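Student: Could you walk me through reading this structure? I would like the general idea of each feature, then the case at hand.

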Amino acid sequence: MTRQVHLARQRPEAFAVHLLRCPGLHAYAGGVTVVWVTGNSGTGKSTVCGVLRARGHVALDADEDGFSRWIDRVTGEVVMDPPYPVPEGWLDRYGWVIVRERVETLVEASRLRISFLCGSAENEEDVRDLFDAIICLVINEDTLRHRLATRTTNPFGQHPEELAAALEWNPRMRAIYESHGATIIDASKPVTEVVDSVIDAVQDLRG
C-alpha cells in the first residue's frame with residue numbers, strides 16, 4: 001500500500017493536506033477554490049477525478065478518499081463492512097452520506113489552490129454551502145445502463161436494486177442541480193472533452 005493510499009483510507013484529512021502541498025499543482029487566486037463535481041452513479045465522476053489529478057490539479061474522490069460512508073438511517077451508526085451484493089431493502093435502511101467535517105478540512109486547506117471533490121451523497125444539502133461551485137455530470141439512460149453493466153472500477157449498479165435506484169434518479173439529476181445553479185456538463189462525450197469542460201466552467205465562474 002502506497003503512502004497516499006494509506007493516508008486516503010486512514011487519515012483523509014491528512015491526505016487532503018498532503019495533496020495540497022504537492023509541488024506542481026495548479027494554483028488559482030480568488031473566487032472559486034472548492035468545486036463539487038457530482039452526478040448520478042455511472043456518469044464518470046471517478047474517471048474525471050483521475051484525469052484532473054493526472055493533469056496536475058488537486059482532485060479527490062469522495063468515495064475512495066474517505067469523505068463518504070454508509071450509515072444506518074435508523075441508528076445513525078457507521079457501517080464499516082457493508083455486504084456485497086446488498087440484500088433486498090438495503091438502500092431503504094442504509095444511506096451513503098458525506099461527512100461535513102472532512103469537507104470543512106478540505107476547504108480550510110484550499111485557500112490558495114483550487115480543489116475538485118468528486119462524488120455524490122444523499123445528504124449533499126448538509127455540505128452544499130461549503131462549495132464555491134457545483135458541476136453536475138449528466139448522461140442519457142442508454143449510456144448509463146451500458147456504463148453500469150461494463151465498468152470494472154466500481155461494482156455499484158450491477159445489482160438489480162442498485163441499478164433500479166440509479167435509473168430512477170437519472171432523469172431527475174439535471175433539473176435538481178440546475179435549480180441549485182450548478183453547471184451542467186454532458187458526460188457522454190470522451191473523458192478528455194468532459195474534463196476540458198469542467199476546467200473551462202471553473203475558469204468561466206472565476207471570470
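Student: Which residues of helix H3 (residues 45–54) are buried?

Tutor: Some ground rules come before that. This is a predicted model, in which local features need pLDDT of at least 70 and side-chain atom pairs count only at pLDDT 80 or more, while totals for chains, interfaces and linings use all residues. Residues are numbered from 1 along each chain as its sequence is written, and side-chain values use heavy atoms, with hydrogens and water left out.

Tutor: Helices (H or I, at least four residues) and strands (E, at least two) are DSSP runs, numbered from the N terminus. Buried means under 20% relative accessible area, exposed over 50%, and partly exposed in between (1.4 Å probe, protein chains only). In H3, the buried residues are Lys45, Val48, Cys49, Val51 and Leu52. They cover an arc of only 165° around the axis, which puts them on the same side of H3; the arc is that of the directions from the helix axis to the C-beta atoms.

Student: What do the buried residues of H3 pack against?

Tutor: Contact means heavy atoms within 4.5 Å. The partners are E1, strand E2 (58–61), strand E6 (115–118), E7 and helix H8 (191–206). After H3 comes Gly56, with a positive phi near 95°.

Student: How do H3 and H8 cross?

Tutor: Axes are lines fitted to C-alpha atoms, for helices over the stretch in contact, and angles run from 0 to 180 degrees between N-to-C directions. Angles under 35 degrees count as roughly parallel, over 145 as roughly antiparallel, 65 to 115 as roughly perpendicular and the rest as oblique. Here the two axes come within 10 Å and cross at roughly 75°. H3 and H8 are therefore roughly perpendicular to each other. On the H3 side the contact is made by Thr47, Val48, Val51 and Leu52, and on the H8 side by Val191, Val194, Val195, Val198 and Ile199.

Student: Now the sheets. In what order do the five strands of the open parallel sheet lie?

Tutor: Strands of a sheet pair through backbone hydrogen bonds, either parallel or antiparallel. The working rule is that two strands pair if DSSP finds at least two bridges between them. The order in this sheet is E2-E6-E1-E7-E8, with parallel pairing. E2 and E8 are the edge strands, each pairing on one side only. On average, neighbouring strands of this sheet are turned by 25° against each other, direction ignored. H3 packs on the sheet, touching E1, E2, E6 and E7, and its direction makes about 150° with that of E2. Helix H5 (residues 100–109) lies across E1, E2 and E6, running at about 160° to E6.

Student: Which residues point to each side of E1?

Tutor: In a regular strand the side chains alternate between the two faces of the sheet. For E1, Val34, Trp36 and Thr38 lie on one side and Val35, Val37 and Gly39 on the other, all of them buried. Six of the six residues of E1 are buried, so this strand is largely enclosed by the rest of the structure.

Tutor: E7 (residues 133–138) reads likewise: six of its six residues are buried, so E7 is largely enclosed by the rest of the structure. Ala133, Ile135 and Leu137 point one way from E7, and Ile134, Cys136 and Val138 the other way.

Student: How many bridges join E1 (residues 34–39) to E7?

Tutor: Five, and the strands run parallel. Trp36 has Ile134 in E7 as its bridge partner, and Gly39 stands opposite Leu137. E1 also pairs with E6 in the parallel sense over four bridges, where Val37 is partnered by Cys118. E7 and strand E8 (residues 183–186) are parallel too, over four bridges, with Cys136 opposite Ile184.

Student: What is the strand order in the open sheet of three strands?

Tutor: That order is E4-E3-E5, with antiparallel pairing. Strand E4 (78–79) and strand E5 (94–98) are its edges, each pairing on one side only. Strand E3 (residues 68–72) and E4 pair over two bridges, and Ile71 stands opposite Val78 in E4.
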